[in-house]
Amino acid sequence: SDTRIDGYGRTLAVVSFKPNIWKEVNVNETLIAEGFAWYYEPYGRKKTQDAYTKHQEAAQAKNLGLWKNPNALPPWESENKKPNHDPRKYPPRKYP
């Protein structure tokens with residue numbers, strides 16, 4: 001499985017399932033392709049980077065999902081714009 005922990009203690013993973021024995025569905029890719037998720041390149045993997053970028057660009061061009069909002073900001077940009085945002089108040093979680 002392709003799972004790791006980021007600097008904030010969050011789990012990063014590729015989520016997939018097999019609806020039948022012949023096909024595997026990459027949920028991450030599907031969410032990006034339908035415009036329901038952002039692709040954040042710094043956490044990307046080389047094996048998925050091209051596909052995720054292509055799907056995000058296609059979703060943007062079709063104004064799908066979050067791309068319907070011309071002012072949509074990715075979380076990594078909007079978090080720092082919140083009033084009184086202090087990252088020291090949110091230390092990384094510790095997992096056993």
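Two residues are said to be in contact when heavy atoms of each lie within 4.5 Å. The structure is a predicted model, in which local features need pLDDT of at least 70, side-chain atom pairs count only at pLDDT 80 or more, and totals for chains, interfaces and linings use all residues. Residues are numbered from 1 along each chain as its sequence is written, and side-chain values use heavy atoms, with hydrogens and water left out.

Val 27 is found in helix α1, helices being DSSP runs of H or I with at least four residues and strands being runs of E with at least two, numbered from the N terminus. Leaving aside neighbours within four places in sequence, Val 27 is in contact with Val 15, Ser 16 and Phe 17. The C-alpha atoms of Val 27 and Ser 16 are 5.3 Å apart, although 11 residues separate the two in sequence. Asn 28 also lies in helix α1. A polar atom of the Asn 28 side chain lies 2.7 Å from the backbone nitrogen of Val 15. Beyond four places in sequence, Asn 28 touches Ala 13, Val 14, Val 15 and Tyr 52.

Tyr 52 belongs to the buried set of helix α2, together with Thr 48, His 55, Gln 56 and Ala 59; buried denotes under 20% relative accessible area, exposed over 50%, and partly exposed in between (1.4 Å probe, protein chains only). Seen down the axis of α2, the buried residues fall within an arc of 100°, so they line one face of the helix; the arc is that of the directions from the helix axis to the C-beta atoms. These buried residues pack against β4 (23-26) and α1 (27-33). On the other side of α2, Lys 46, Asp 50, Lys 54 and Ala 61 are exposed.

Notes: Polar contact = N/O pair within 3.5 Å; in protein donor to acceptor, adjacent residues only side chain to side chain.
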